[in-house]
Amino acid sequence: MTDWQDVQKNLLAGESLSDEQALALASCADTAALARVAALLRDRGHKNLISYSRKVFIPLTQLCRDVCHYCTFAQTPKKLEQIFMPVDEVLELCRQGAKMGCQEALFTLGERPELRYAAARNALAEMGYATTLEYVHAVAARVLEETGLLPHINAGCMTGEEIAGLRQVSASMGIMLESASTRLCEKGMPHYGSPDKDPLRRLETLELAGQAEVPFTSGILIGIGETRLERIESLLALRAVHEKYGHLQEVIVQNFRAKPNTLMSSAPEPDLNELLWTIAVSRLIFGPHMNIQAPPNLSPGVLPQIIGAGINDWGGVSPLTPDHVNPEAPWPHLDTLARETAAAGKFLEQRLTIYPAYAVDGNRWLDKALWSPVLRLSDGSGFARRDNWAPGEEQDIPPVEAELLAGSLPSEIISVDVRDIVVRCEQGGDLSEADLTRLFESRGADFSFVAHRADMLRRKVNGDSVSYVVTRNINYTNVCGYKCQFCAFSKGSGSEDLRGRPYDIDAGEIVRRCREAWQRGATEVCMQGGIHPDYTGQTYLDILRTVKKAVPEMHVHAFSPLEVWQGAETLGVAFSDYFEQLREAGLGTLPGTAAEILHDEVREELCPDKLNSAQWLEVMAAAHEAGFKTTATIMYGHIDAPRHWASHLMRIRELQQRTGGFTEFVPLPFVHMEAPMYRKGKSRKGPSFREAILMHAVSRLAFHGLIDNIQTSWVKMGEQGVAACLKGGANDLGGTLMNESITRAAGTQHGQEWSPAVMERKIRKLDRVPRMRDTLYRDVPQERYQASFVNTELIDVVNLKAGKYQSSKCLNDVEVQALWLFQASSVDVQPVSQQVTLMAACN
């Protein structure tokens, strides 16, 4: 054969095996040597993960026109109580599975039984169908619509039209090639008398599936009389069709198990070495990124060895239904499977029936009817969303991540590349987007390691204090001309049904809220709003002057880069000039909102008419050059992915290295409930809990030595969530808020104020030290601290109904003083226009 040392060297250098080199492996008997290289390749493509799909196995019919000599799944009509599984029975089974965390409905059936059995034809006719595949389509459609499980359909050989029809109701399909050897179809061989086992027919189905862009499963069955050379020829046939279309999402290596009452009941089964050899060769032929699978129930007791041969997937495992094809081989309990996977130094992660790379590219690989169901069930990397936690909802944190955060893990099971990246972060070394993407993809022990090391950095930089600021959010209008797909806050004339009518508060209400906030101990007002079509740069200057006239000591933290851009543009001035005007009017600092995701691939769908990434960074750079400090944010967990988050953090990091103007970084998890794009089925339901923790942890690591403060949002993460984030790199809880409008509009259930007393009680509960700060992270005067603990109820806000033109944001000194006197003596709060009239009457 070709010299193995040269082949090994080329493989590890990133080259693919030629057909000639692959065929030569048939004479290589050193399974251990093959497995060592296969495992290295697997780790390059799949890191420390072994995946599986939690499924419900649906034997829709056990009739089949084929007569494979090893099969006990296929039966004759006389042996069956029912010819086809009724749809109501399927739905009930899937509902039970959904309650147990299943996300896949695996449809397994014999091939075209109606062509052989009158009983099948009659049963189909009674239900109103002409073919088995018509019935499959109907049942899969109902499973998808009524249970939320994603159908995977193994329907055997199909035409292009049949594949196109089933693509509308399934996330993936499959057909086992088993073998490309026509010799196995000869008389006396296992596929004799089975027309659908003709390799050419099966390869034609694979070809048609590729043309239809269907994520497809295939594989080989070993130990049924084929030679090693024929196995390799079968794998090469699969590789050839995959290289044309890229649709083969997994290759299964299944070992034959002899079953009683079959023609092959006494045939020898392949031994462990044969299985390991085939797995290793499969990995070498397909390279690092292909998903190579071996069913765990067919090889109990040797799962770590199977992992060592190069697999990265266990296939579907059901906590509810048996393996109807191999009923003698029960599924391993998922806890057992996780333990045995961990024994091999890997983390067991749940996936969907559609593999991650295909799920995140759903526009290509899925029918539109499947986009929303797949998004609903997946995380940002395309793996399964394993729990019901979502930002803004009252949910307990997932037990797996809670256990990983609480525990310590042996250092030897941490991935080498993850450890190296973290050390570079700690030492202030150079980082790349690929580095941060890798950290965001951490799972299992790697996830725990990243969170713990981020927490160690937090302790080193910030100690055990947890800071917060007494602030009031004032969102002066929810009228906005932009159409951001994530925003449930902005309103137009036709959206009064969505959490309140359009409003635009006036100067009098701004004064009242600022004065009330000061009386309750606030040191800051945070002011932002929609981009009202009638607002100009003068509007923002008027707002600042009104606040400063009302409460001169109040720090004004206001105006997103989008508002600054609009303000400068409407006044026709440069950013530098406008920032000078804002400073003179009383602006203290700026919030780094409207950043969303600083990657234009995402922004083109998320907020296409908003500032692009470069423009947002341009405004921030100009603010820093003008001497302003700002915050920076990220809003994540919708249509984005880890590579987008990494790009965002790198751009913030690069600007901070130039200007040093950011005081804090604020991860803002997407709250989905009322978001337009979620309601339309076009986004995920926010980040998973693991992703939310990692956003804070990776931010701490990436910004070490550059941005000292990582904030966690209580209004989005909730009490349990912020407690976890404070163990994963965060050191700040943000503001008490008093009024929170934007996240509440999106549907959060975590309230709109955490008073200082509540803040400090929750912080001490975590054995941490509360610290009241101001906007610039300085300690507040004692007078402010004491004032903040005076328990006074907030007066209900008054939001004036918006009109075509903006309400006045400006009062002169006399009006401000008169308004203060009037408000101090008035029980009812009136709009300023009514207040001025009443003041005139009183005078």
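Biologist: How many aromatic pairs does a search of the whole structure find?

Modeller: This is a predicted model: local features need pLDDT of at least 70, side-chain atom pairs count only at pLDDT 80 or more, and totals for chains, interfaces and linings use all residues. Residues are numbered from 1 along each chain as its sequence is written, and side-chain values use heavy atoms, without hydrogens and water. Rings of Phe, Tyr and Trp (its six-membered ring) pair if their centres lie within 6.5 Å. The search gives 14 aromatic pairs.

Biologist: What kind of pair do F84 and Y135 form?

Modeller: Planes under 30 degrees apart count as stacked, over 60 as edge-to-face and the rest as tilted. The centres of F84 and Y135 are 5.7 Å apart, with 75° between the planes. The pair is therefore edge-to-face.

Biologist: How many residues apart are F84 and Y135?

Modeller: Helices (H or I, at least four residues) and strands (E, at least two) are DSSP runs, numbered from the N terminus. F84 lies in the loop between β1 and α4, while Y135 belongs to helix α6. The pair links distant parts of the chain, and the separation is 51 residues.

Biologist: Are F84 and Y135 buried or exposed?

Modeller: Buried means under 20% relative accessible area, exposed over 50%, and partly exposed in between (1.4 Å probe, protein chains only). By that rule, both F84 and Y135 are buried.

Biologist: At what angle are the planes of Y358 and W365?

Modeller: The ring centres of Y358 and W365 are 5.0 Å apart. Their pair is edge-to-face because the planes are at 70°.

Biologist: Which residue in β13 stands opposite V525?

Modeller: Strands β12 and β13 pair in the parallel sense over four bridges. Opposite V525 stands V556.

Biologist: Which ring does the charged end of R784 sit over?

Modeller: A charge sits over a ring if NZ of Lys or CZ of Arg is within 6 Å of the ring centre and within 35 degrees of the ring normal. The charged end of R784 is 3.6 Å from the centre of its ring. That ring belongs to W518.

Biologist: What percentage of the 843 residues is buried?

Modeller: The protein holds 34 helices and 18 strands. Of its 843 residues, the buried share is 60%.

Terms used: Pairing = 2+ DSSP bridges.
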